[in-house]
Amino acid sequence: QASDVAHTMQHWHVYVKWNEKLFDEMYRAYQMGRSAEDPSKKWFDGELGFFDFYILPLAKKLKECGVFGVSSDEYYDYAQANRREWELRGREIVQGYLEKFQERNSRRRASAAPSGATA
């Protein structure tokens, strides 16, 4: 249970890195028609709910049972800190994810165009 979501209980930069990778995967599926919903519309609120109803309760259980020894406190503390930081910066981060995705997509299309073709 914890291994799939461990990035949410680590340093902020680790959380954002893996969160962006998941966003890219979900957004790509949407762009290709494999998903009906645009994940960017609910990503910010979805992450808050994920922290509140899954991550923080899980991190608290891990802390209470001491499964990771002295590190158990750290995981809970990081989860709380990441949730607070997401609440403050998450909207702008999602916008940044979208912009990066669109930029990468533009570069892919440009490099895939036949030479001599104009856009």
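Predicted model: local features only at pLDDT ≥ 70, side-chain atom pairs only at ≥ 80, totals over all residues.

User: Where does glutamate 20 sit?

Analyst: In helix α1, which covers residues 12-31.

User: Is glutamate 20 buried or exposed?

Analyst: Buried. Its relative accessible area is 13%, and the cut-off for buried is under 20%, so glutamate 20 qualifies.

User: OK, on to the largest nonpolar core. Which residues touch the most other members?

Analyst: Met9, Phe23, Trp86 and Tyr97, out of 24 residues in that core.

User: And which elements give two or more residues to this core?

Analyst: Three helices are on that list: α1, α2 (43-65) and α3 (71-112).

User: Which one gives the most?

Analyst: α2, with nine residues.

User: Back to Phe23. What does phenylalanine 23 touch?

Analyst: Pro39, Ser40, Trp43, Val94, Tyr97 and Leu98, again not counting residues up to four places away in sequence. Tyr97 is also on the contact list of glutamate 20.

User: New topic: lysine 17. Which helix is it found in?

Analyst: Lysine 17 is in α1.

User: How accessible is lysine 17?

Analyst: Partly exposed. The relative accessible area of lysine 17 is 45%, which falls between the 20% and 50% cut-offs.

User: How far apart are lysine 17 and histidine 7?

Analyst: They are 10 residues apart in sequence. In space, the C-alpha to C-alpha distance is 8.6 Å.

Notes
Residues numbered from 1 in each chain as written. Heavy atoms only, no water. Helix = DSSP H or I, 4+ residues; strand = E, 2+ residues; numbered from the N terminus. Buried < 20%, exposed > 50% of the residue type's maximum accessible area, 1.4 Å probe, protein only. Contact = heavy atoms within 4.5 Å. Core = buried A, V, L, I, M, F, W, Y, C linked by side-chain atoms within 4.5 Å.
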